[in-house]
Amino acid sequence: MTGATLASLADEELMQLVRRADPDAFAVVYERHSGAAYSLAYRMMPTPGAAEDVTQEAFLSVWRSGARYDRRRGSVRSWVLGIVHHRAIDALRRGKVRDRPRAEDPNAAEQLEAPANTALEAVRHDEATTVRKAMDELPTDQAQAIVLAYFGGFTHTEIAEMLEAPVGTIKGRLRLGLAKLRDQLASEGVSP
Amino acid sequence: VSAPGHDTWADAVASYALGALPEAEVIAFEQHLAACGACRAELEHLSVAVAALPASVAPRPAPPALGDRIMADVRREAELLHAAGPAADRLPRRPARQHRRWTRAPRWAVPAAVTAALAVGFAAGALVRTGDERVVPVATTEAVRGTHARLLLGDDHATLVADHLPAPPAGRIYQVWLKPRDGEPEPTSALFVPRADGTATVALPARAADMELVMVSAEPPGGSAAPTTPPVLSARPRS
């Protein structure tokens with residue numbers, strides 16, 4: 001199959017080829033999602049080198065375990081980003097890294113804007129704006145707990161210690177914050 | 001429908017969805033999750049919000065050299081897998097009359113190409129440690145494409161867990177083999193077929209953890225003294 005033909009396939013169709021060890025199909029999947037994957041890893045990890053390591057581990061895992069992708073459980077993009085997230089958390093906890101300045105800066109996402117040079121990029125740019133807005137509208141303590149948990153890789157127990165709050169309080173903030181975020185995104189029509 | 005213990009775990013769903021549940025609690029929570037429809041429903045609900053979070057991150061293109069490194073690994077492995085693919089695909093589909101040739105084979109007769117394919121699979125993931133158990137990835141061949149399997153190895157127990165595992169060919173069952181370093185594969189009494197939904201949970205001898213290879217092949221009912229078909233699943237507990 002030519003590169004142009006592959007590029008016209010949906011992610012799910014490409015994953016069927018990846019499952020059969022087609023490196024050209026994998027290259028298209030990488031091309032589509034490496035930016036989002038690296039951006040997430042960069043946000044979570046303390047150094048660009050560590051972000052590259054996490055991204056590399058995640059994509060090689062996608063290549064080697066493509067068979068595990070189940071389209072009923074979400075998009076390829078969400079699946080890839082979920083793997084990046086797990087790998088980043090593993091790396092942070094393994095390294096006992098405690099210097100994670102990016103995780104404590106919920107506004108870091110605003111520092112760079114996406115180039116909206118294609119229709120797809122424009123849609124993603126809109127989605128990014130919607131998600132940031134929804135996060136901004138959360139009560140500060142809920143948004144802070146979510147950012148520390150998801151981007152900082154901290155457990156609810158660690159967050160409770162950091163913020164000198166009972167663990168139950170932090171669990172509650174995470175739960176209420178996520179539920180509000182979910183409802184807000186649903187009302188805006190965002191479905192990753 | 002909520003399961004016993006729901007009140008204990010209900011407020012852990014969001015932490016779990018965010019990856020913020022302490023590692024020591026994850027296994028117990030997942031056991032509860034498996035039994036609790038209410039928690040599964042909430043997890044599904046909240047996961048939509050979690051999946052949206054990466055979209056809020058400042059975009060940053062991946063360095064070109066990173067893509068070059070990844071694609072170099074991928075193309076190298078693809079070459080190995082393609083060399084192995086036809087053999088791995090063909091063998092389990094042999095007509096029954098050809099099967100006798102395999103049953104007479106006195107020794108472990110895995111085509112080199114299949115071994116290569118499995119070797120690539122082994123690179124799939126480093127060992128993962130969860131609680132007191134080691135989790136070892138299991139390599140699969142084309143014959144059971146789509147299967148996801150792993151070994152769970154504890155001090156005094158070993159379990160093979162699989163999902164999306166197709167049923168063995170008609171008139172066969174799966175048998176687990178333990179191959180020690182420098183030795184031939186030894187039969188075990190671990191004979192099984194996957195459940196209707198493709199899942200399987202198989203108790204293995206604890207010494208599986210010390211083996212060079214743990215393998216699964218399709219065998220006649222009652223099992224074989226030596227493997228008669230190439231393995232469809234294989235794991236290296238010691239690597």
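## Close-ups of a predicted two-chain model

**View 1. A:Arg64 and B:Glu77 pair up in a salt bridge, with their closest N and O atoms 2.4 Å apart.** This pair crosses between the chains: A:Arg64 sits in helix α4 of chain A, and B:Glu77 sits in helix α5 of chain B. Keep in mind that everything shown here comes from a predicted model. Are the two partners buried or exposed? A:Arg64 is partly exposed, because its relative accessibility is 27%. As a bit of background, side chains of opposite charge can pair when their charged atoms come close.

**View 2. A:Glu52 and B:Arg69 make another salt bridge, with 2.9 Å from N to O.** Which helices do these two come from? A:Glu52 lies in helix α4 of chain A (residues 48-64) and B:Arg69 in helix α5 of chain B, so this pair joins two chains. Why does A:Glu52 count as buried? Its relative accessibility is 19%, and the cut-off for buried is under 20%. B:Arg69, with a relative accessible area of 36%, is partly exposed.

**View 3. Here is where chain B meets chain A: 49 residues of chain B are in contact with 58 residues of chain A.** Together the two chains bury about 5000 Å², and 66% of that is on carbon and sulfur atoms. How many salt bridges run between chain B and chain A? The count is 5, while a search over all chains of the whole structure finds 12. There are also 13 residue pairs in polar contact between the two chains, counting pairs with both residues at pLDDT 80 or more. On chain B, the helices α2 (13-18), α4 (37-52) and α5 (64-90) each supply at least two residues of the side that touches chain A. Helix α5 of chain B gives the most, with 12 residues. Sorted by class, that side of chain B has 30 nonpolar, 9 polar and 10 charged residues.

**View 4. Chain A has 9 helices and 0 strands.** Of its 192 residues, 48% are buried. Take the contacts in chain A with a separation of 6 or more: 61% of them are between residues 24 or more positions apart. Chain A exposes about 8900 Å², with carbon and sulfur atoms supplying 50% of that.

**View 5. A:Val76 sits in helix α5 of chain A, which covers residues 76-94.** Buried or exposed? A:Val76 is buried, because its relative accessible area is 0%. Leaving out residues up to four places away in sequence, A:Val76 touches A:Asp11, A:Glu12, A:Met15, A:Val29, A:His33 and A:Tyr69. Look for A:Ala10 too: A:Val76 and A:Ala10 are 66 residues apart in sequence, yet their C-alpha atoms are 9.6 Å apart in space.

**View 6. A:Thr130 belongs to helix α6 of chain A, residues 119-137.** A:Thr130 is buried, with a relative accessible area of 17%. What lies 2.9 Å from a polar atom of the A:Thr130 side chain? That's the backbone oxygen of A:Asp126.

**View 7. B:Lys179 and B:Glu212 form a salt bridge, 3.0 Å from N to O.** This one links distant parts of the chain, 33 residues apart: B:Lys179 is in strand β6 (residues 173-179), and B:Glu212 is in the loop between β8 (200-204) and β9 (213-219) of chain B. B:Lys179 is buried at 15% relative accessible area, whereas B:Glu212 is partly exposed at 24%.

Note on methods:
Residues numbered from 1 in each chain as written. Chains lettered and ligands numbered in written order. Predicted model: local features only at pLDDT ≥ 70, side-chain atom pairs only at ≥ 80, totals over all residues. Heavy atoms only, no water. Contact = heavy atoms within 4.5 Å. Buried area = accessible area lost by both parts, 1.4 Å probe. Salt bridge = Lys/Arg side-chain N within 4 Å of Asp/Glu carboxyl O. Polar contact = N/O pair within 3.5 Å; in protein donor to acceptor, adjacent residues only side chain to side chain. Helix = DSSP H or I, 4+ residues; strand = E, 2+ residues; numbered from the N terminus. Nonpolar A, V, L, I, M, F, W, Y, C, P; charged D, E, K, R; others polar. Buried < 20%, exposed > 50% of the residue type's maximum accessible area, 1.4 Å probe, protein only. Areas by Shrake-Rupley, 256 points an atom, 1.4 Å probe, with all protein chains shown as cover.
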